[in-house]
Amino acid sequence: MKASSTRYSIFSLLFLIALINYIDRGALSFAATAISNEFHFNKVQLGAVLGYFGFGYLFGSLCGGFLADRLGTKKVWLAAGILWSLLEIATAWAGELGAALFGGSAIMGFAALRILFGFSEGPAYALMNKSIAHWAPDNERGTALGIGLLSTQIGSLLTAPIAVGLLLLTNDWRMMFMLLGALSLLAMLLFARYFTDTPHQHPRVNAAERQLILRGQQQREEGGEPLPWWRFFTSRTLVCNALGYFSFLYITFTLVTWLPKYLQDSFHYDLHSLWYVAMIPWSGACVTVLLGGRIADFLLSRFNNLRLARNCFAASALLATACCFMAIPWVHSAAGIIALMTLGNALNALVNNVYWSVVIDVTPKSSVGAYSGMTLAVANLSAVIAPMLCGWLAQYYGYGAMFTVTGGVALVSMLAMLLLQPERRVQHPPRAAMAALW
């Protein structure tokens, strides 16, 4: 019997939902100028508005992973997706909410909604990793993760034409949020109909495909007792991997939140040109995020060396990423700066697959969701730090300092990735150690 190919439909569905997740979070950046003008925000205040998302995102990613291990990924996906869709719609009235509930402070209204919105979007990538751990055989895991993680780059690329298109079409930033939220709700209906937690639950998966998936996976226990949460912090590999992922997200959030404003302030692009210029820095990353998964799979199958496929590969790409961003302040033409951004972002995306693969490499399946969430929680400090620090740097030292610091973050993460030990799996602690904790 020929194996069915339902797993590829599941990978595509995960890509779609994560794509929508990223477009919804990035839309605020394109409305930033209009919102700043209406509510009189300076760069520091705007950085705070953009950074509030990160507070909720950090805790949402942590909670989402733990809930997925206990309730199943589908339930958590649906709860999170419906909530973020409704909050996206509610963002249209964030300023009015602040005026009504927080003593006339519009910024507090944005703070409340963006924190809740971040919390609802936080579980997405931990849920994706948990889903792929169940649905992908090991020899397809890098490619499957690449397809899912491509949503980050495609979402960032498409946010520009979609958000700017809606702004120009409606001439109203509030209507943009309402339409985006409504489309997200429709996507969650499709997800509810088609997705299942495991291949065994899906009616379109035949016996041959189930065998292919199970036979192609390492002996990671299906169930079993999950590892205690604190074991994450005793693993040098998991901690360093999370610090490495911090760099990826720091660069991503820097570009997602400040790229439109930077282009408008530095080169005076208006909305009619911003929609395509802001797409360019994401164009290379759309290719390399897939290429990175293929390279990692090739290195592992060709040399059977996890350190080569994880440590060396990641560190080389991060070093080149740092060089690109540190060079930006020394270039003064728009074309040159956008070219460096595009190359740096592409090299950064090349490693995206590695961070998630490492979690699956060293973690039993019963704890993949929780430890993916903890990885996100550590790394998602960047969702708070990047927008706020960039706003402060831009206000007081100029945009050049913003890019220099971005390159420095990549260098620190390069050192962290060199310390990985991906061949060492995290084990349950001895009973004596457990007893001592109690």
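This briefing walks through a few residues and helices of the structure above. Keep in mind that the model is predicted.

**A residue in a loop**
- Asn-380 sits in the loop that links helix 17 (368-379) to helix 18 (381-396).
- Asn-380 has a relative accessible area of 0%, and because buried means under 20%, this residue counts as buried.
- Setting aside residues up to four places away in sequence, Asn-380 touches Gly-54, Tyr-57, Leu-58, Ser-61, Leu-249 and Phe-253.

**An enclosed helix**
- Helix 15 covers residues 334-350, which makes 17 residues.
- From its first C-alpha to its last, helix 15 reaches 24 Å, close to the 24 Å expected at 1.5 Å a residue.

**A nonpolar patch on the surface**
- Val-44, Trp-392, Tyr-396 and Tyr-397 form a nonpolar patch on the surface, and together they have about 460 Å² of accessible area.
- Val-44, one of these patch residues, belongs to helix 3 (residues 43-71).

**Leu-271 and its surroundings**
- You can find Leu-271 in helix 12 (residues 271-277).
- Apart from its neighbours within four places in sequence, Leu-271 is in contact with Phe-30, Val-164, Leu-167 and Leu-168.
- Leu-271 and Glu-225 are 46 residues apart along the chain, and 53 Å separates their C-alpha atoms.

Terms used: Residues are numbered from 1 along each chain as its sequence is written. This is a predicted model: local features need pLDDT of at least 70, side-chain atom pairs count only at pLDDT 80 or more; totals for chains, interfaces and linings use all residues. Side-chain values use heavy atoms; hydrogens and water are left out. Helices (H or I, at least four residues) and strands (E, at least two) are DSSP runs, numbered from the N terminus. Buried means under 20% relative accessible area, exposed over 50%, partly exposed in between (1.4 Å probe, protein chains only). Contact means heavy atoms within 4.5 Å. The expected span of a helix is 1.5 Å times one less than its number of residues. Patches are made of residues with over 30% relative accessible area and no salt bridge: like charges are joined within 9 Å, nonpolar side chains (Val, Leu, Ile, Met, Phe, Trp, Tyr) within 5 Å. Accessible areas come from the Shrake-Rupley method with a 1.4 Å probe; for residues, only the protein chains shown count as cover. A salt bridge is a side-chain nitrogen of Lys or Arg within 4 Å of a carboxyl oxygen of Asp or Glu.
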